[in-house]
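Please look through the structure below with its charged side chains in mind. The paragraphs that follow go from one pair to the next.

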Amino acid sequence: MRCTVFGTGYLGATHAACMAELGHDVLGVDIDPGKVAKLSGGEVPFYEPGLGEVLRRNLDAGRLRFTTSYPEAAAFADVHFLGVGTPQKKGEYAADLRHVHAVLDTLAPLLDRPSVIVGKSTVPVGTAAELRCRAVELAPAGEGVEVAWNPEFLREGHAVEDTLRPDRLVVGVDATSPGRAEALLRELYADLIAAGVPFLLTDLPTAELVKVSANAFLATKISFINAISEVCEATGADVSALADALGHDARIGRRFLGAGLGFGGGCLPKDIRAFMARAGELGADQALTFLREVDSINMRRRTKMVELATRAVGGSLLGANIAVLGAAFKPDSDDVRDSPALNVAGMLQLHGAAVSVYDPKALDNSRRLFPTLTYATSAAEACRAADAVLLATEWDEFRRLVPADLDEVVRSRVIVDGRRCLDGAQWNAAGWRYFALGSSPRDNSRETRSGRSTSRVDA
Ligand code: UDX
């Protein structure tokens, strides 16, 4: 089949390449000629493991092309996926739909045949119905233009796998439309459906809400464990052992119960805020006031990390050399949007510390966002003469660090684990002071020589 994908960011580029991987002829569309040139040349403009191979394989096979031309896209296919970004509005919680509207307003007047626009972007509930009215009004094909919503659940760092082997396909359709969308999408996703991926057909608002509800739930789960970790800090209990024990309950599950610096990125923070804003517009704001708390628990983790670092260096950050390992909002990504790691690095600098940041993939993006921080080209370089080493993003490279890697590099053997992913016992045994975000001050300030992990002391 033929389809187009509008927007070539994390979502759109992955979707375009993966639709081609499923055997379809795909045209990716973006207004940014730079992105189009890179993708056409087989280069992914961001870091996403495995995407480069899928991209190049399908470019070579002739199933995938990229363009900036809307007329070319309108002529190419009758199914148009919409995968542009919906960031947070400046100074407001609501989502900024300008990119979604720009695509629709430019594309619809070119649609002179019955066509289906399939939204994948995360949007406030009600957007799809509004777009359908707009499309019918603007398109020469009028009522022949349908809008369906097929939200995307991909995680950065696992985008290819999540697109080709999703947990479920959710498709929202409009009962008043001609009704081609369901059949077309079933055909486009035939291989996935044959492989057993559940295909859930809903109306438009349900499909829109599934996505924001899923992200709200995940954010709540993370903030739940982080709130519990604050109680653990106060009592000396071990939040990691607690999460393991909770996770054995099949109704709860262990995933997304990783306590630490909390969530960031281009999705969870802005999606829960946009969800609250939309609920307010709909007169249902009370229903989601708990998300305000989820947000504030999450943001508090960053301040707590700065406080812990301050304690770790003896009470004042002024003049302290701090190494921050990790800048991306999570491992296997170069995305620094609302990154807890970079936020902490910035706050440390504001408190007078000299901060040196290292990240395996996110240095360029970090420099653009926070040009005043110092960036190192390796973990060891960042840690040179450090008074404390902060682990802020749990890249494998950092999880694998052992004391001997840094023993001779740092000025003081102090490590602050913001993701609770190191073996505290090992660091303590090697003469380091190991601090874990979410452990009690008593455990964290203990200069254990017993070799027991601080996070296991009271388990
Ligand atoms: C998220 C959703 O998972 C995905 O389904 C949706 O399509 C987009 O938003 P993503 O933003 O790529 O995906 O990241 P995710 O893996 O969900 O992690 C989000 C943040 O939560 C990261 O900053 C991560 O470090 C943090 N996190 C995750 C925790 O703090 N603890 C955990 O246990 C899990």
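A residue is called buried when its relative accessible area is under 20%, exposed when that area is over 50%, and partly exposed in between, with a 1.4 Å probe and protein chains only. The model is a predicted one, in which local features need pLDDT of at least 70 and side-chain atom pairs count only at pLDDT 80 or more, while totals for chains, interfaces and linings use all residues. Residues are numbered from 1 along each chain as its sequence is written, and side-chain values use heavy atoms, with hydrogens and water left out.

Across the whole structure, a search finds 30 salt bridges, each being a side-chain nitrogen of Lys or Arg within 4 Å of a carboxyl oxygen of Asp or Glu. One of them joins Arg-134 to Asp-105, with 2.7 Å from N to O. Because Arg-134 lies in helix 6 (residues 127-138) and Asp-105 in helix 5 (residues 98-107), this pair ties together parts that are 29 residues apart in sequence; helices here are DSSP runs of H or I with at least four residues, strands are runs of E with at least two, and both are numbered from the N terminus. Arg-134 is partly exposed at 26% relative accessible area, and Asp-105, at 30%, is partly exposed as well.

Another salt bridge is formed by Glu-233 and Arg-301, whose closest N and O atoms are 3.4 Å apart. Glu-233 belongs to helix 10 (residues 204-235) and Arg-301 to helix 13 (residues 289-312), so that distant parts of the chain, 68 residues apart, are linked. Both Glu-233 and Arg-301 are buried.
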